[in-house]
Amino acid sequence: MEFSEDFRSGFVTLIGRPNAGKSTLINAIMGKKVAITSDTAQTTRHRFRAVVTRDDYQLVLVDTPGLHKPHDVLGEELNESAIQALDGIDAVAFLLDASKPAGRGDEWVVRQISAVKAKKILVITKTDLVDAETIAKQREAAQALAEWDAVLEVSSVTGDGVDTFMETAANLLPPGPQWFPSDMETDQPTEVLIAEFIREKILRSFHDEVPHAIGVVVEEMEYDKRKNLERIYALIYVERDSQKGIIIGKGGRALKAIGSEARADLEQMLGSRVFLDLRVKVRKNWRRDLNQIRRFGYGEGM
């Protein structure tokens, strides 16, 4: 594969604790939603790549599940996925939430990346939520944990620092080829993106009741060219009958609301009208079943 010495390319893994802002930063960089977000830990269950191509560089961003103390097989699998995303990369960006004091969990994450030979970027996120003094304290605490090739501050909400992050990351990449087509934005299959958008709406509606027990699978898709209509049939899995009742709601109203909210995202993503058929099934203790976890495509399942 030929390339110019003036063109830089490579893989940059975003890593950090849950809710550090990894997926939100990727969406800000892409200028559109490619990764789901919520305030719930373990929102990101897929390790996937978002691709940014410019005239002089191609930046492949690897989003990862937040590293945390696992409580089940799903948690262990998500941690393994995040750690494996450090293999063979050119740079790693450690995201630290400016609004939460750096703690032992952050120290543990930094230890995971300390042995990585890749360039290391410290990114203080959510700077719009705190004052300059708090940001400075976070920066000082994080700089004491490791040596960094670059230290940045970003707010994915306001956009401050997002372009600087891209330019900094690109400058740390080696000369290399364009790994992916210029028009490629993510390596995620359409069915996975659809399932994730559906799961996001559930997390945002029921983040206190059933967040981690939810798994979504797209069973079938049919496109009607004449009507410009995509028919999507998806299954929402829960672990208990009581959770099924919560998701469906009285008279099916909760499930209908989930479908309506998800359809708006899906129509924008697909560029067509969408008919969305959602059904809810119980699969007891699926988070303890590695085969089922990987059937959903979570962790190392993809």
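Me: In which strand is the place of Y57?
Reply: This is a predicted model. Y57 sits in a strand that covers residues 57-63. That strand is β3.

Me: Is Y57 buried or exposed?
Reply: Buried means under 20% relative accessible area. Y57 has 10% relative accessibility. Y57 therefore counts as buried.

Me: Which residues is Y57 in contact with, leaving aside its neighbours within four places in sequence?
Reply: Contact means heavy atoms within 4.5 Å. Neighbours of Y57 within four places in sequence are left aside here. The contacts of Y57 are then F7, R8, V52, M166 and A170.

Me: How many Å apart in space are Y57 and P177, C-alpha to C-alpha?
Reply: In sequence, 120 residues separate Y57 and P177. In space, C-alpha to C-alpha, the two are apart by 8.9 Å.

Me: What share of contacts in the chain between residues at least 6 apart in sequence join residues at least 24 apart?
Reply: The chain has 302 residues, and buried residues make up 51% of them. It holds 9 helices and 9 strands. Take the contacts between residues at least 6 apart in sequence; the share joining residues at least 24 apart is 72%.

Me: How many Å apart are the end C-alpha atoms of helix α4?
Reply: Helix α4 has 12 residues, 132-143. At 1.5 Å a residue, α4 should span 16 Å. The end C-alpha atoms agree with that, being apart by 16 Å.

Me: Why are the buried residues of α4 on the same side?
Reply: The buried residues of α4 are I135, Q138 and A142. They are on the same side of α4 because they cover an arc around the axis of only 60°.

Me: Which residues are exposed on the other side of α4?
Reply: Exposed means over 50% relative accessible area. On the other side of α4, four residues are exposed: A132, E133, K137 and E140.

Me: Which strand gives the most to the lining of the second largest pocket?
Reply: The second largest pocket has a volume of about 180 Å³. Its lining has 11 residues, with R17, P18, D97, K100 and D106 nearest the centre. The strand that gives the most covers residues 91-97 and supplies 3 residues. That is β4.

Me: How many residues of the lining of the second largest pocket are charged?
Reply: The lining of the second largest pocket includes 6 nonpolar residues and 1 polar residue. The charged residues number 4.

Me: What is the phi of K126?
Reply: K126 lies in the loop between β5 and α4. At 24% relative accessibility, K126 counts as partly exposed. Its phi is positive, in a residue other than glycine, and is near 60°.

Me: What is the phi of N228?
Reply: N228 lies in the loop between β7 and β8. N228 is partly exposed, with a relative accessible area of 32%. N228 is not a glycine, yet its phi is positive, at about 50°.

Me: Which residues does S272 touch, not counting residues up to four places away in sequence?
Reply: S272 lies in the loop between α8 and β9. Its relative accessible area is 7%, so S272 is buried. Not counting residues up to four places away in sequence, S272 touches Y223, N228, E230 and E267.

Notes:
Residues numbered from 1 in each chain as written. Predicted model: local features only at pLDDT ≥ 70, side-chain atom pairs only at ≥ 80, totals over all residues. Heavy atoms only, no water. 1 Å grid on protein atoms, 1.4 Å probe; cavity = no way out; pocket = protein on both sides within 12 Å on 5 of 7 lines; lining within 4 Å. Points joined across faces, edges and corners; volume = space filled by probe spheres on them. Helix = DSSP H or I, 4+ residues; strand = E, 2+ residues; numbered from the N terminus. Nonpolar A, V, L, I, M, F, W, Y, C, P; charged D, E, K, R; others polar. Expected span 1.5 Å × (residues − 1). Buried < 20%, exposed > 50% of the residue type's maximum accessible area, 1.4 Å probe, protein only. Arc of directions from axis to C-beta.
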